[in-house]
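User: I am new to this one and would like a guided look at it. Could we go through the helices and how they pack?

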Amino acid sequence: MAENGKKPQMRIRGIGPVIRAAGLARWAAVFAVLFPVCALLIALFEPNVGGFGNAMWLSFQIVTTIGLGDYTATTFVGRAVAVLLSVYSIFFVALITGAVVSYCNERMNARRNESVAHFIDQLEHLPELSQEELADISRKVKEFRSTM
C-alpha cells in the first residue's frame, strides 16, 4: 500500500506482462519454439544423449549455462545446435533481465512520484492539517534528511 492508502497502480502477475510491455513477445515466441526444436535435433543427431527427455535436459543446461556434463554434443549438428541455442539464449536472457530491471525502476519511480505528490498536497493544505498529520510530516522530513 502507498502512503496515501491507495494501492500502487502498477501491478504484475508474472513475467508475461513485462515481456509484452517491453516488446519482447516475438523474442519469447521464437525462444518457445527454438528450445524444443533444438532439443529434437539434439535427440535425433546425438547418439550419446539417449532420447528427447535427455535432449531437453541438455538444452536446459545450454540455456542456463550450468553445463553439468551429464550429456555433451559431439556431432557437428549437435554442436551447431548448441551454439545457436546458447547465443540466442544469452541475448534473450539479457533482454528479459533488462526488461525486469526497467519495470522495477519504473515502479519505484511511480511510487516515489506518488509519495512526493501526496507530500506536496499535504504542504499545500498545511493550515487544514491536524497535529498528528503535522507531526507525521515533520517525522518524514527528518527521515528524508537523515538519508541525505
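**Helix contacts and a salt bridge**

Analyst: Asp136 and Arg139 are three residues apart in helix H5 (residues 131-147), and therefore about one helical turn separates them. The two residues form a salt bridge, with the closest N and O atoms 2.4 Å apart. Please note that this is a predicted model.

User: How many salt bridges does the structure hold?

Analyst: The structure holds three salt bridges.

User: And what is the average pLDDT of the protein?

Analyst: The protein averages a pLDDT of 86, and 91% of the residues score at least 70.

User: Which elements have the lowest and the highest mean pLDDT?

Analyst: Helix H1 (residues 15-21) has the lowest mean among the elements, at 83, while H2 has the highest, at 96.

User: Let us turn to H2, then. How do the axes of H2 and H4 cross?

Analyst: Helix H2 (residues 25-45) and helix H4 (residues 76-124) have axes that come within 10 Å and cross at roughly 160°. An angle over 145 degrees counts as roughly antiparallel, and H2 and H4 are therefore roughly antiparallel to each other. Their crossing is left-handed.

User: Which residues meet there?

Analyst: On the H2 side they include Trp27, Phe31, Phe35 and Phe45, and on the H4 side they include Val77, Leu84, Tyr88 and Phe92. The residues of this contact of H2 with H4 divide into 18 nonpolar, one polar and one charged.

User: What about H2 and H3, left-handed or right-handed?

Analyst: H2 passes H3 in a right-handed crossing. The axes of H2 and helix H3 (residues 52-64) come within 8 Å and cross at roughly 125°, which makes H2 oblique to H3.

User: Which residues of H2 and H3 meet?

Analyst: Among them are Phe31, Phe35, Pro36 and Ala39 in H2, and Phe52, Met56, Ser59 and Val63 in H3. The contact of H2 with H3 divides into 15 nonpolar residues, one polar and no charged.

Key:
Residues are numbered from 1 along each chain as its sequence is written. This is a predicted model: local features need pLDDT of at least 70, side-chain atom pairs count only at pLDDT 80 or more; totals for chains, interfaces and linings use all residues. Side-chain values use heavy atoms; hydrogens and water are left out. Axes are lines fitted to C-alpha atoms, for helices over the stretch in contact, and angles run from 0 to 180 degrees between N-to-C directions. Helices (H or I, at least four residues) and strands (E, at least two) are DSSP runs, numbered from the N terminus. Angles under 35 degrees count as roughly parallel, over 145 as roughly antiparallel, 65 to 115 as roughly perpendicular and the rest as oblique. A crossing is left-handed if the near helix is turned anticlockwise from the far one by less than a right angle, and right-handed if clockwise. Contact means heavy atoms within 4.5 Å. Ala, Val, Leu, Ile, Met, Phe, Trp, Tyr, Cys and Pro count as nonpolar, Asp, Glu, Lys and Arg as charged, and the others, Gly among them, as polar. pLDDT is the predictor's confidence in each residue, from 0 to 100. A salt bridge is a side-chain nitrogen of Lys or Arg within 4 Å of a carboxyl oxygen of Asp or Glu.
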